[in-house]
Amino acid sequence: MSFSQSIRHFLFNQDSWLWRPNRRLLYWITTAAFAYAIAATVLDAIDVHPRYWFRFEAGKEKREFESSFSDERRIYTLANGSLMVPDLQEKMPSGVRAEGSLPVYVTVDRSTFKSRALTRLSALPLDLLFVVMIWLFRRVALSAVGTREAPGDPFVWANVRRLRIIAGLICIAPAVHAWSGIAEMELVSGTLHEFSMFSWDATGMFVAFGMGFALAVLAEVFAAGIRLREDVEGLV
Amino acid sequence: MTRRKPRSEPRHVTFHLDKLLEERSMTLTELAEQVGVTLVNLSILKNDRAKAIRFSTLEALCDVLDCQPGELMSYE
């Protein structure tokens, strides 16, 4: 079999691996994603933070990969660059306009109960949202992909319920994300003082609403399909 | 103390295939063969689990059983 024939076989032949329902692979991928989400939530709950970084210095041909766990909480946020560096615009090359926001990592001072509680409260709602969404997606995906002997059936009322819940969660995600931003701003305000700034992602909000709406429509399409099938199954 | 009214059972269309088959000394399998409907579908009809019936099926049943639709089913 030539290379092009092999490619054609892989893409279009129903005996190829691509067309075979691989439930076991899907099971392990979705289980790994769920386990990762749970682990991230637990680490945020106990306030331990993994760090990975890859450093590459072009001139020295040096590559470094480091990973560590730390109880030091760093927050990636935006500082008001124009206030911090009043002549920021003057330092810019010609044709480059400073927007005023400067990406910074701020180490959180966790000496007070309030800051310790806020570090958890800033991260946990989004974590839990992801855990629930990944679990529901996992159940939908596993119900859709069966084996050759027992084909999957995604058109069940449980999936309609799951998709409706996911759609709702995606729609409220921007609000939860905004809450995280507010909590993080409160955490860094002590260090950044007047330089801290809150950024609101309007594009992300519209994308989330769009995705939530699309999923809600998909849930109703599922519901219509199930009703149709129930009618056909009861027709003699 | 006021007595609660007993809840009335929901009414639905019931098929009397059993009675008609008994009167005609026929089995469900024979009826299925003559009508041209699968045994599974006739069982659904017999056990009142059908949600809808085609006019063609109803006509074929009336034809084979020599009856009127009103004899085949009732609303109770």
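In chain B, the side chains of Glu23(B) and Arg24(B) meet in a salt bridge, at 3.4 Å from N to O. A salt bridge here is a side-chain nitrogen of Lys or Arg within 4 Å of a carboxyl oxygen of Asp or Glu. Arg24(B) is partly exposed, with a relative accessible area of 28%. Buried means under 20% relative accessible area, exposed means over 50%, and partly exposed lies in between (1.4 Å probe, protein chains only).

The model is predicted: local features need pLDDT of at least 70, side-chain atom pairs count only at pLDDT 80 or more, and totals for chains, interfaces and linings use all residues. Residues are numbered from 1 along each chain as its sequence is written, chains are lettered from A in the order in which they are written, and side-chain values use heavy atoms, without hydrogens and water.

Side chains of opposite charge can pair when their charged atoms come close. Over all chains, the count is eleven salt bridges. One of them joins Arg73(A) and Glu184(A), again 3.4 Å from N to O. Arg73(A) sits in the loop between strand E2 (62–70) and strand E3 (74–80) of chain A, and Glu184(A) in helix H6 (residues 157–192), so the pair ties together parts that are 111 residues apart in sequence. Helices (H or I, at least four residues) and strands (E, at least two) are DSSP runs, numbered from the N terminus. Arg73(A) is buried at 8%. Glu184(A) is partly exposed at 22%.

Lys91(A) and Asp87(A) also form a salt bridge, their closest N and O atoms 3.8 Å apart. Lys91(A) is exposed, at 59%. Asp87(A) is partly exposed, at 29%.

Now to the interface. Ten residues of chain B are in contact with six residues of chain A; contact means heavy atoms within 4.5 Å. The two chains bury about 670 Å² between them, 58% of it on carbon and sulfur atoms. Buried area is the accessible area (1.4 Å probe) that two parts lose on being put together, summed over both. In chain B, Lys51(B), Ala52(B) and Arg54(B) lose the most area to chain A, together 61% of what that side buries.

Between chain B and chain A, the count is one salt bridge. Lys51(B) forms a salt bridge with Glu230(A), with 3.9 Å between the closest N and O atoms. Helix H3 (residues 39–46) of chain B gives the most to the side of chain B that touches chain A, with three residues.
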